[in-house]
Amino acid sequence: MNDLSANVSKRFEDIPRDDQGNPIVRLFNHMIDGNVLSNIRIMRISLDEMTSTSIITVVAQVRQQVYNNQFPVKTKRAWIDGREYGTTIVGRVFTYNKGICLTNDAVSVPD
């Protein structure tokens, strides 16, 4: 993966989109600039920023690991699965519902 972009909003209408409904990824409200290629990207989004029901769209710029035995040059976008939106650039969006955690053990990821 290279760059990772996410947008968290209260309503679908708040996702940055152009006149054709295509996602404007550079205007998403969360980004990781992937200067170094990685198999893992961790993005933390505060639960305080999310409403009881949030609309989320997430996309990663991905590259082939090897392309003609050279540094990979071909890139494409990989979206987290969800309902499609957009006409010429198809994004995906899903709904996240906050809920009560049913585990007693805290879970965290390393920094």
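Predicted model: local features only at pLDDT ≥ 70, side-chain atom pairs only at ≥ 80, totals over all residues.
Trainee: OK, back to β1. Which strands does β1 pair with?
Mentor: β1 runs antiparallel to β2 (residues 30-32), joined by 3 bridges. With β3 (residues 53-63), β1 also pairs in the antiparallel sense, over 6 bridges. Two strands pair if DSSP finds at least two bridges between them.

Trainee: Which residues stand opposite Ser-5 and Leu-4?
Mentor: Ser-5 faces Met-31 in β2, and Leu-4 faces Ala-60 in β3.

Trainee: Why does Ser-5 count as buried?
Mentor: Because its relative accessible area is 7%. Not counting residues up to four places away in sequence, Ser-5 touches Val-25, Phe-28, His-30, Met-31, Met-43, Thr-57, Val-58 and Val-59. Contact here means heavy atoms within 4.5 Å.

Trainee: Phe-28 is on that list. What else does Phe-28 contact?
Mentor: Beyond its neighbours within four places in sequence, Phe-28 contacts Ser-5, Ala-6, Asn-7, Ile-15, Pro-16, Pro-23, Thr-57, Val-59, Trp-79 and Tyr-85. Phe-28 also belongs to the largest nonpolar core, whose 9 residues are Phe-12, Ile-15, Val-25, Phe-28, Ile-55, Val-59, Trp-79, Tyr-85 and Val-93. A nonpolar core is a set of buried Ala, Val, Leu, Ile, Met, Phe, Trp, Tyr and Cys residues joined through side-chain atoms within 4.5 Å.

Trainee: Which residues are in the second core?
Mentor: That separate core has 7 residues, including Ala-6, Val-8, Ile-56 and Ala-60.

Trainee: Zooming out, how many helices and strands are there?
Mentor: There are 0 helices and 6 strands. Both come from DSSP runs numbered from the N terminus: helices are H or I, at least four residues, and strands are E, at least two. Of the 111 residues, 29% count as buried. Residues 24 or more positions apart make up 60% of the contacts with a separation of 6 or more.

Trainee: What about β6, say Thr-95 and Asn-97?
Mentor: Both are found in strand β6. Thr-95 counts as partly exposed because its relative accessibility is 46%. Leaving aside neighbours within four places in sequence, Thr-95 contacts Thr-53, Ser-54 and Ile-55. Its C-alpha atom is 6.7 Å from that of Thr-53, 42 residues apart along the chain.

Trainee: And which residues does Asn-97 touch?
Mentor: Ser-52 and Thr-53, not counting residues up to four places away in sequence. The C-alpha atoms of Asn-97 and Ser-54 are separated by 6.5 Å, and the two are 43 residues apart along the chain.

Conventions:
Residues numbered from 1 in each chain as written. Heavy atoms only, no water. Buried < 20%, exposed > 50% of the residue type's maximum accessible area, 1.4 Å probe, protein only.
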